[in-house]
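Let's take a walk through this structure together. Have the sequence and the 3D view ready, and follow along one stop at a time.

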Amino acid sequence: MNITDNAIKFYDQVKINDIERQKVDFIFRRQSGQTNMLELEIRDYGAGITESQEKRIFELFYRAGNELTRAAQGTGIGLALVHELVHAHRGEVLAVRKNPGLAINITFPITPIH
């Protein structure tokens, strides 16, 4: 929910009014070359982030942009919590810059049911 909420919040902040870009895709697939890993890609079509933001996005209390001009509310703990929860479940989480937008890729190990 945090990732989706962030996308919607930032659509409003940067005033993206194009209905084709006001969406969030959820894609489930087996991770490429890994039969025991499930990947969830949560993709938005917003303004995206810079390379330096991509490296810090999961840091606790990190918020992109200028504190004096920021319009979006938040504390900077949401994506840090996502990161910790995914790792607690032996998964990985990665931010991937897209044009336009951002994808958050989450992978989890899966165990076959016998």
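This is a predicted model: local features need pLDDT of at least 70, side-chain atom pairs count only at pLDDT 80 or more; totals for chains, interfaces and linings use all residues.

Residues are numbered from 1 along each chain as its sequence is written, and side-chain values use heavy atoms, with hydrogens and water left out.

Let's start with the charged pairs. A salt bridge here is a side-chain nitrogen of Lys or Arg within 4 Å of a carboxyl oxygen of Asp or Glu. How many salt bridges does a search of the whole structure find? There are five. One of them links R97 and E54, whose closest N and O atoms are 2.9 Å apart. R97 sits in strand β3 (residues 92-97) and E54 in helix α2, so this pair ties together parts that are 43 residues apart in sequence. Those element names come from DSSP runs, numbered from the N terminus: helices are H or I runs of at least four residues, and strands are E runs of at least two. E54 counts as partly exposed because its relative accessibility is 23%, and R97, at 38%, is partly exposed as well.

Stay with helix α2 for a moment. The side chains of E51 and K55 also meet in a salt bridge, at 3.8 Å from N to O. Helix α2 covers residues 51-56, and E51 and K55 are four residues apart in it, so about one helical turn separates them. K55 is exposed at 63% relative accessibility, whereas E51 is partly exposed at 45%. Then there's R56, which forms a salt bridge with E59, the closest N and O atoms being 3.0 Å apart. Elsewhere, salt bridges that share partners join R29, E39 and E41 into one network.

You'll find E41 in strand β2 (residues 37-44). Is E41 buried or exposed? At 9% relative accessibility, E41 counts as buried. A polar contact of 3.1 Å joins its side chain to that of R29; the term means a pair of N or O atoms within 3.5 Å where, within protein, one must be able to donate a hydrogen and the other to accept it, and residues adjacent in sequence count only if both atoms are side-chain atoms.

Now for the greasy part. A nonpolar core is a set of buried Ala, Val, Leu, Ile, Met, Phe, Trp, Tyr and Cys residues joined through side-chain atoms within 4.5 Å. The largest one has 19 residues, and I3, I57, F58, V93, I104 and I106 have the most contacts inside it. The elements giving two or more residues to this core are α1 (2-13), β2, α3 (78-88), β3 and β4 (102-109).

Most residues other than glycine have a negative phi, and most peptide bonds are trans. A cis peptide bond joins N99 and P100, with omega about 0°, and P100 is in the loop between β3 and β4. R90, in the loop between α3 and β3, has a positive phi near 60°.

Technical notes. Buried means under 20% relative accessible area, exposed over 50%, partly exposed in between (1.4 Å probe, protein chains only).
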